[in-house]
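Hi everyone, thanks for coming. Today I'd like to walk you through one protein structure, so please have a look at it with me.

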Amino acid sequence: MSRRDFLSQPAPENYVAGLGRGATGFTTRSDLGPAREGPSEDQIKAAVAKRSAQLGLTEAKDDDNEDDGRYQDPDNEVGLFAGGIYEKDDEEADRIWKEVDDRMAKRRQKQREAREEAERLEYERKNPKIQQQFAGLKRALETVTDEEWANLPDPKDLTGRTKRARQARMERFYAVPDSVLAAARDSGQFGTTVAEDGTATEGVNKDGTVTDFAKIGAARDKVLRARLEQQSQSSSVATAGSATSIDPKGYLTSLSSMQGAEQSIGDIEQFRKMLKSAVDSNPKQAASWIAAARLEIAAGKPGAARSLIAKGCEHCPKSEDIWLENIHLNDNRNAKVIAAQAIQANPHSVKLWVEAMKLENDPRSKKKVIRRALDHNQESEALWKEAVNLEEDVEDARILLAKATELIPESLDLWLALARLETPENARKVLNKAVKKLPNSHELWIAAARLEEQLGEGKRRPVMRNAVKFLAKQNAMPKREEWIAEAEKCEEEGAVITCSNIIEETLGWGLDEDDDRKELWMEDARASINRDKFATARAIYAYAIRVFPNSKSLYTAAIDLERNHGSKEDLWHALEKAVEACPHYEVFWLMLAREKAAEAGVDEARLVLARAFKQNPDSEDIWLAAVKLEADNGFIDKARELLKTARQNAPTDRVWMRSVAFERQQGDNEAALDLVQQALQLFPSKPKLWMMKGQIYEDLAQLGPAREAYSTGVRAVPSSIPLWLLYSRLEEKAGNVVKARSVLDRARQAVPKSPELWTELIRVERRAGNLNQAKSLMAQALQQMPKSGLLWAERILNLEPRTQRKSLLAEAVKKVEDDPILLVTAARILWAERKLDRAQNWFEKALLLDRDVGDTWAWYYKFLVQHGTEEKRADLVAKCVLVDPRHGEEWTRVAKDPKNAGRKTEEVLKLVAETLS
């Protein structure tokens, strides 16, 4: 097929000749009219957009998807709902949805708060403050000596600002006395003139200044007169009408100790003018009169103050505040007259009646005033309370309260006071009447419950149950937190049964099964314990256990509460309930057996363990507890038989280890070695068995077999750090430092980032005298593990000089987040510097951080032996026995020594304290 030439082909669509070179729309001379117009700019843009859409270069706009502007605002309902009305149903729906949103937000509150706290801490860590960034440099300044400080060059002042400021500080201005001014004035005159009466002596200087000595003297007299008048009020004064006499002996002393004596007279005058202007402009404003009178009192003019306040009472007779101020400014006799005038002007003012009653001296007159006040104010609760408090006879007080409750039935305090004064039967009737008058008051129901408790009916009459039903019908049910507060109040006042009843009936109010009720109740109990409200916490745990009868955490918390704050009987009762609810949980059985053995004897503990065997026949914990019980009480053969039976019925690695340890404690190393050989055939991957085998050979002074045992053990269990440490220490004890170093190098390859292995290697070098090598290794270790408290403690105490300890300690505390070893190191440094209070605080911080580290207890006990009291030491020992620590470098070495088998925690504590240095 022949192809058509270019000029014969049809033009493309939308082709315009000359468009590319702009040759369109021009006119020639031969044309009779204008040339053909090309496409417009809009047409060109449309064509380009169409071509781009065809090629897929751009996306065509869908105008149909653009929302109308009126739909962008949800409150601008101008379409379908333009004629709608917001009714009560809509309001109820919005309220329900809001409650749902609040409920969901409350459920996620803990997670949200925890996430926000973590984000905040991460932000503060990444963006430290300037003060934190320079904290290390500030601490480093402690090492600068006095000579270095003295040799520091002074900064140069390039701007001159420091020089100008220094010159400004050096300038001094002094007030020139009048005598100098007068001398300067008179020096240019040829003569002086003095008035014959001596009242005015003036001179005019060349510059026009005038000094009036008469006015200066008058001002001085005025100041002295004000001081004398003020002193007359503060010193011993004999008042008779308006005359006063001053004690001349104490005048000078009182005058020198006067407060405000140097107050400027001009300031008082200025305030007086301001207040006078306020009083004149608005004489009906009582506050202005009161302020003016108080100013006169401050200026030492009580007479003027009384005159002003009297005028104020004339202009503001309905203001009880100004009458009260007038009463306070006058003596008792005049105050009574003023009080009578005030009450006549304000017969319904309770404050004025009460003030008038206080002015009377004898009870009879006070009762008379109060009764007259009640004639004018029968519905004043405050007046009725004052009247009841004035009565000495209980019967008269009961009559007054009965009348008061009739007149003021909405007063809760009056009803409760009347119930307290009535007999039990009448008190029930009074409270029933009060509930009818005040159906929304939960305090009345609590008072009724306490009344039943006093009568011995607290457990039989369900007062609080009826209260919850009644208040729920009235929609007056308080929140759960308010009920807990009321229960704690009842506990504080001795109503323990009422406290328990309140918790039992209201603790679950408003909580659904979807809520994390157990955690919430445990938090409530812990909060009550922190407030020393143990009965409330006990009731909370009891209710929570009824809802979750098989919860081990709830029983554990309840047992801890009884152990720390309850009696032995309460603790036994809690443990019995725990073993009944969780019979297959060995921990509760062991706790009960331990408590019975300590208080009731071995036979009771055996009975408990026998019951535990029935529920858990193959439990190694119960077998080992039985062995420990028999061994601790001297029944060696029985303990050996129990171990033999346990190896047959529950052949676990722990049972075999306990058997080997038992024989070592009895001194039979041959039997122990035989047992450990059998155990290793069954459990070759248990590092403790290899450790026991090596230690037995060490006890037998057979270093070769011990070395073989450790070597085989680290090959079998290369991840066991204690096994590597024993192997290294054996080589070091044999004098093979090079071999010990080699062992630790292999250990660090097997367990790369172990602070214990690095510390042991550093100690090997230090004991060998290679201090520089030890420091080099310490630098490498801290580079890999900068947050290890053990490494920092070793460096601070053994590798650096004493002068650098404090700065290194500050740096370590900053880098290591919470480590008890480092805190003990800080306490030891402060102890060495004789800062005993601070050292004791650091020891207690370490104990709070981790109570299971026995070395901390031992160091603190050693500190108290030297600097503490006997009571403090006894308290520490009691807490240590209660905690029973199991870890610590020195603690484990002493406690697991076969020679110390059977020793109690107190004895181990004292032994470890003696070995520390």
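This is a predicted model: local features need pLDDT of at least 70, side-chain atom pairs count only at pLDDT 80 or more; totals for chains, interfaces and linings use all residues.

Residues are numbered from 1 along each chain as its sequence is written, and side-chain values use heavy atoms, with hydrogens and water left out.

Let's start with charges. Side chains of opposite charge can pair when their charged atoms come close. How many salt bridges does a search of the whole structure find? The search gives 59, where a salt bridge is a side-chain nitrogen of Lys or Arg within 4 Å of a carboxyl oxygen of Asp or Glu.

Take K568 and E595, whose side chains form a salt bridge at 3.5 Å, N to O. K568 is in helix 29 (residues 568–581) and E595 in helix 30 (residues 586–599), so this pair ties together parts that are 27 residues apart in sequence. Helices here are DSSP runs (H or I, at least four residues), numbered from the N terminus. Is E595 buried or exposed? E595 is buried, at 12% relative accessible area, while K568 is partly exposed at 36%. Buried means under 20% relative accessible area, exposed over 50%, and partly exposed in between, using a 1.4 Å probe and protein chains only.

Now find E889 and R763, which meet in a salt bridge of 2.7 Å, N to O. E889 lies in helix 48 (residues 889–895) and R763 in helix 40 (residues 755–767), so the pair links parts 126 residues apart in sequence. Both belong to a network of salt bridges that also includes E760 and R767. The closest N and O atoms of E760 and R767 are 3.3 Å apart. E760 is buried, with 3% relative accessibility.

Next, the surface. I96, W97 and V100 make a nonpolar patch of about 310 Å². Patch residues have over 30% relative accessible area and no salt bridge, and nonpolar side chains (Val, Leu, Ile, Met, Phe, Trp, Tyr) are joined within 5 Å. W97 sits in helix 2 and is exposed at 59%.

Finally, two loop residues. N475 is not a glycine, yet its phi is positive, near 55 degrees. R834, also not a glycine, has a positive phi of about 70 degrees. R834 is in the loop between helix 44 (820–832) and helix 45 (836–849).

Notes
Patches are made of residues with over 30% relative accessible area and no salt bridge: like charges are joined within 9 Å, nonpolar side chains (Val, Leu, Ile, Met, Phe, Trp, Tyr) within 5 Å. Accessible areas come from the Shrake-Rupley method with a 1.4 Å probe; for residues, only the protein chains shown count as cover.
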